[in-house]
Amino acid sequence: MLSEKMMISPWDRWYSTSCCLCCHVRTGTIILGVWYMLINAVVLLILLTALSDPEQYHLTSAELANDLDVMDDANMCIASAISLLMILICGMATYGAYKLRAAWIIPFFCYQIFDFALNTLVAVSIVVYPNTIQDYLQQLPDNFPYKEEVAALSNVCLVLIVLLFIGCILSFKAYLIACVWNCYRYVSCRGSSEILLYVTTNDTTVLLPPYDDSVSVPAKQGPPPYTTATA
């Protein structure tokens with residue numbers, strides 16, 4: 001029994017076909033892809049509206065309390081291109097999960113890993129350079145809500161609050177990454193006609209052969225007919 005448990009890989013132990021306690025990983029990936037598509041479509045619409053009427057949505061350096069004018073046309077064009085690329089990647093993941101195409105899910109999974117790595121680097125930078133939070137608060141406009149109350153907190157308290165917030169975000173993102181990865185494994189197994197059968201005790205894992213290979217195995221030939229010997 002112990003040897004059978006050790007033979008199961010960690011990936012198989014964490015493999016599950018359900019997510020959010022109620023739906024299949026394939027359904028969850030489709031919902032997640034559509035949700036990301038809607039968010040990026042709204043962002044793209046706002047950016048295109050800002051490009052069509054730059055005077056209304058233009059923020060000057062005086063309003064941002066810094067020396068840079070970050071909302072120029074070049075940056076908005078880059079942001080629009082990124083949003084358009086994200087819509088394409090999310091659409092590919094949604095199509096791949098719906099049509100059982102595992103390769104179409106990989107770009108969206110890579111984006112999730114990249115996004116998780118960036119958020120992790122942000123958390124590490126806050127721990128290494130805690131004074132960056134105060135510097136960021138000073139760059140906010142004077143009419144920003146609760147700016148004075150937040151700036152009055154100590155650096156330790158601010159770091160703990162920000163790390164707790166980022167930790168919750170990272171945990172949620174890690175769960176979504178696991179859901180998409182399980183969907184990729186499920187679609188890959190369906191595409192290769194391999195079915196994983198898990199015993200209810202979760203102690204052993206049995207890998208059944210593909211259905212086509214099982215059908216193609218010729219049946220064993222029966223014994224020759226019995227004849228009665230005559231004198």
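Guide: Let's start with a word you'll need: a helix here is a DSSP run of type H or I with at least four residues, and helices are numbered from the N terminus. Keep in mind, too, that what you're looking at is a predicted model.

Now for our part, helix H3. H3 covers residues 25-52, and Val34 sits in it. How open is Val34 itself? Its relative accessibility is 35%, so Val34 counts as partly exposed.

Thr29 also lies in helix H3, but its story is another one. With a relative accessibility of 1%, Thr29 counts as buried. Which residues does Thr29 touch, if we skip its neighbours within four places in sequence? Thr29 is in contact with Ala97, Cys179, Val180 and Cys183.

By the rule used here, the count is one salt bridge. In this pair, the side chains of Asp115 and Lys173 meet, at 2.6 Å from N to O. Asp115 belongs to helix H7 (residues 106-128) and Lys173 to helix H10 (residues 155-191), so the pair ties together parts that are 58 residues apart in sequence. Are the two partners buried or exposed? Asp115 is buried, and Lys173 is buried as well.

Helix H8 is handy for seeing how a helix can have two sides. H8 runs over residues 132-139, and its buried residues are Ile133, Gln134 and Leu137. Looking down the axis of H8, you'd find those buried residues within an arc of 95 degrees, so they line one face of the helix. Tyr136 and Gln138, on the other side of H8, are exposed. Here's some background for that picture: an α-helix has 3.6 residues a turn, so residues three or four places apart point the same way.

Last stop: the cysteines. A disulfide is a covalent bond between the sulfur atoms of two cysteines.

Note on methods. Residues are numbered from 1 along each chain as its sequence is written. This is a predicted model: local features need pLDDT of at least 70, side-chain atom pairs count only at pLDDT 80 or more; totals for chains, interfaces and linings use all residues. Side-chain values use heavy atoms; hydrogens and water are left out. Buried means under 20% relative accessible area, exposed over 50%, partly exposed in between (1.4 Å probe, protein chains only). A salt bridge is a side-chain nitrogen of Lys or Arg within 4 Å of a carboxyl oxygen of Asp or Glu. Contact means heavy atoms within 4.5 Å. The arc is that of the directions from the helix axis to the C-beta atoms.
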